[in-house]
Amino acid sequence: MQFAMTAAYHWLFVPLTLGLALVMAVMETIYVVRKDDFWKRAARFWMKIFAVNFAVGIATGIILEFEFGTNWSNYSWFVGDMFGAPLAIEGILAFFMEATFFAVMFFGWDRVSKRFHLASTWLTGIGATVSAYWILVANGWMQNPVGTTFNPDTVRSEMASAAAFWEVVTNPVAVSKFCHAVSSGWVTGGIFVVGVSAWYLLRGREKEFAVKSILIGGIVGLVGSVAVMLSGDSSGVHAAEFQPMKLAAAEGLEDGGRGAAFTIVPGIKIPKMLSILATHKVDGYVPGINDILKGYTDDDGNVVPSVAEKMSRGRAALDALAEYRAARGNDPSGAAAARARLEENVQYMGYGHLSKPEDVVPPVGVVFWAFRFMIGLGMLIALVLLLAAFFAWKDRLEGKKWLLWAAIICIPLVYICGQAGWVVAEVGRQPWTIQGLLPVNVAISSLSAGAVKTTFFVFLAVFALFLAIEIRIMIGAIRKGPEDIKD
Amino acid sequence: MTYEFLQSYWWVLVSLLGGLLVYLMFVQGANLHLGNRVLSENQKRLILNSTGRKWELTFTTLVTFGGAFFASFPLFYSTSFGGAYWVWVLLLITFVFQAVSYEFCHKKENLLGVQGFRIALMANGFLAPFLVGTAVGTFFTGSDFTVNKVAIADAASPVISTWGNGWHGLEALAQPHAVLLGCTLMFLTAMLGDLYVLNNVDDETVHARMRSSIRGLLIPFLIAFLAWTVMLLLKKGFAVDQAGVVSMEHFKYLHNLLQMPVVLVMLLAGVVLVLTGIIKGGWSPSRKGIWFAGAGTVLVVMAVFFLAGFNGTAYYPSCTDLQSSLTIANSSSSRFTLQVMFWVSLLIPFVVAYIAYAWHQMDRGKISSGEIEKTNDKY
């Protein structure tokens, strides 16, 4: 719960950071190219908002890094070897880039040249985006653990070759997650800018600033929306391939089959749509929750065993691991036999820790409705972005109060949408920390419930305080408006 | 490249990052002056804005130091972070508050007031070096944990690294030797902070205050550092033989120092440089002491890490079960991962170069009251 809360809270700030970084970089670029101070003032205004948001994002980011060790001791050993290279690259390539150029961007307007400042603004955003890629390589591996093998001598997953590393880096789940996360950040940044600017128009303030911001924000958000849809489509296909239970839960699909229907809301279905979305085939086979529990044969003719059988093979793997560890120093033939049994069953090792087959089913209601909120709100926001950008381009926004109010309402909605997406991705994969290999209850540290509860409530209080302050500061800055930002 | 070379290489890099982290904790040291009654409000604001332009680099170095430890020696990460829980959580909370304090401090909507966030920065300034120092101090005193990798196959108790007591790291505060290192680091970073402000801020009154602070801190620093060093050289250490068996050895760290002359030279050169920086700052008109003391700090911290991990030594020893002690060899990532990270690490000079360039561009003019009054871009 503590880690979930921290990750969800972190995800409140990251999308706006990614999106606003792009918006203000575009505005500053226009300023440098056209030498028009209007765009400098606009960029500086959004930068003020960015800075507040960035600080809280950093604060929550370090908590996540620490919690990998403090709360997930077994996990950090088990994945440490796989995490190593992506984390090293993230630290060296992205973290320092963000930190160094953020300082130049924020304080350097009068200290460095225009071009160096512009480069710094872009590099801050690029740093944040590169950082997102490498952490999602790690997250993608947890959802689809490719490129590694379990080493019983060290009791962890290890990469062994350049090809394996490449497989980890280009893991399709990581790539589509990255595209989905970053583009949803652009949507968040875009609608945030559009919504705040709409407020100015409703108050009859800052007309030029607001209309031009809506145009830039709208375009950034729209590009993001299209990319979100495309990457969401490939995420669906990957879920069907690598995490069918997540898809079944997101669809509330108890019994699957060929030509499966997509449920819009309970009672309203589109025939065959789920098969099309999940397999890109009209009659593609999509397993339901019961099929996964009982075992099934997929479209390619592969027989997927029942969960009960996976549990039995998982226990065999764990027993073989214990036998191998006991025999390896003194009984070479016994060790070799145990190792062979382990390798035969290792892909189901995590199942050996489950107590009953139903443990593999995530909370279906939560995932089902989160999925619907994500898609429904995402489409609504894309529509508002499209209309706002169109009317801003035509300079016909004034008088369209309904649209301006819709844009403002979309600001909280985009956060609900993003959090819903996080719930689908992370709650949907329960009970796994690493799909099939390490369930959550084995990834833990040896801590008392009291210790974890204490830190949970401490962090809850800290997060609530920071969120309240951030919202107050942002509202204060927005009320002040861009006119206060002068050379 | 052999596995042994790569393991040693990454221990050197982790040591270097540790050294840079302690050096960059001048941010924490300087922030201790935010409660200084001798300084005016404007002067405190100058200091806040001066460290405000560097804090992210310190923070990022901490994150990278943690990340490098996780990536290259994951068993340390899982054992120490999951075990010495309260020490790391406390450190974490001080840094979490630090991360937002600059941005929130002077905003009227901040709920806790200016003083609230200044207190948070000062708490971080005091606790961060103290806790890091005390945690590193346990590299030489040992901790109460066991490591059993096959536990993961045991459904009832699957955790590989388990801590032996409910204090979860706070028991280190009862270890005088570990606490002495915490105090040493606290005094050192306070002086580094003074030296940094002396260099970065243009204000004669502030300079005088910094010089007087350095003069006041030197004696406590020397007492803590010398006491820690003498105790270290006289104590039993955790030796590891070729087969990986850990045993106690009298004067182990003294032996390490004598058997690794390079480390001895690093330690002595580092101490001389730190003292040179301090003397330049406290007893001469020079404002360049930070460069000497900073370089010296990096050398001394690296030497301390080398003493802990090289020459057949367990760097994170277990008092409960000697054979659970962590060594560079038994706690590292695989050869392949260390090798990939080796190639990535070759980019470090490039990263250092652009940081230096950006700093140079930003620090061409020192920070003065005039600038802070004029600009909107301030904390």
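Helices and strands here are DSSP runs, numbered from the N terminus. With that in hand, welcome to a short tour of a predicted model.

View 1. Pro431(A) itself sits in the loop that links helix 14 (401–427) to strand 9 (432–434) of chain A. For context, most residues other than glycine have a negative phi, and most peptide bonds are trans.

**View 2. Val155(A) has a positive phi.** The angle is about 60 degrees, although Val155(A) is not a glycine. To find this residue, look in the loop between strand 1 (149–151) and strand 2 (156–158) of chain A.

View 3. His280(A) belongs to the loop between helix 9 (273–279) and strand 6 (285–286) of chain A. Because it has 13 C-beta neighbours inside 10 Å, His280(A) counts as partly exposed, given that the exposed class is for residues with 12 or fewer.

**View 4. Chain A meets chain B.** In this view, 72 residues of chain A are in contact with 66 residues of chain B. Four helices of chain A, namely helix 2 (37–70), helix 3 (73–107), helix 11 (307–327) and helix 15 (449–480), each supply at least two residues of the side that touches chain B. Which helix of chain A gives the largest share of that side? Helix 3 does, with 25 residues. By residue class, the side of chain A that touches chain B divides into 48 nonpolar, 17 polar and 7 charged residues.

**View 5. Chain B is built from 15 helices and 4 strands.** The radius of gyration of chain B is 21 Å, close to the 21 Å that the globule rule gives for 379 residues, so chain B is as compact as a globular protein of that length. Along the principal axes, the C-alpha trace of chain B spans about 65 × 45 × 40 Å. Of the 379 residues in chain B, 59% count as buried. Looking at contacts in chain B with a separation of 6 or more, 76% are between residues 24 or more positions apart.

Conventions:
Residues are numbered from 1 along each chain as its sequence is written. Chains are lettered from A and ligands numbered from 1 in the order in which they are written. This is a predicted model: local features need pLDDT of at least 70, side-chain atom pairs count only at pLDDT 80 or more; totals for chains, interfaces and linings use all residues. Two residues are in contact if their C-beta atoms, placed from the backbone, lie within 7 Å. Ala, Val, Leu, Ile, Met, Phe, Trp, Tyr, Cys and Pro count as nonpolar, Asp, Glu, Lys and Arg as charged, and the others, Gly among them, as polar. A residue is buried if 20 or more other C-beta atoms lie within 10 Å of its own, exposed if 12 or fewer, and partly exposed in between; C-beta atoms are placed from the backbone. The radius of gyration is taken over C-alpha atoms; the globule rule is 2.2 Å times the number of residues to the power 0.38.
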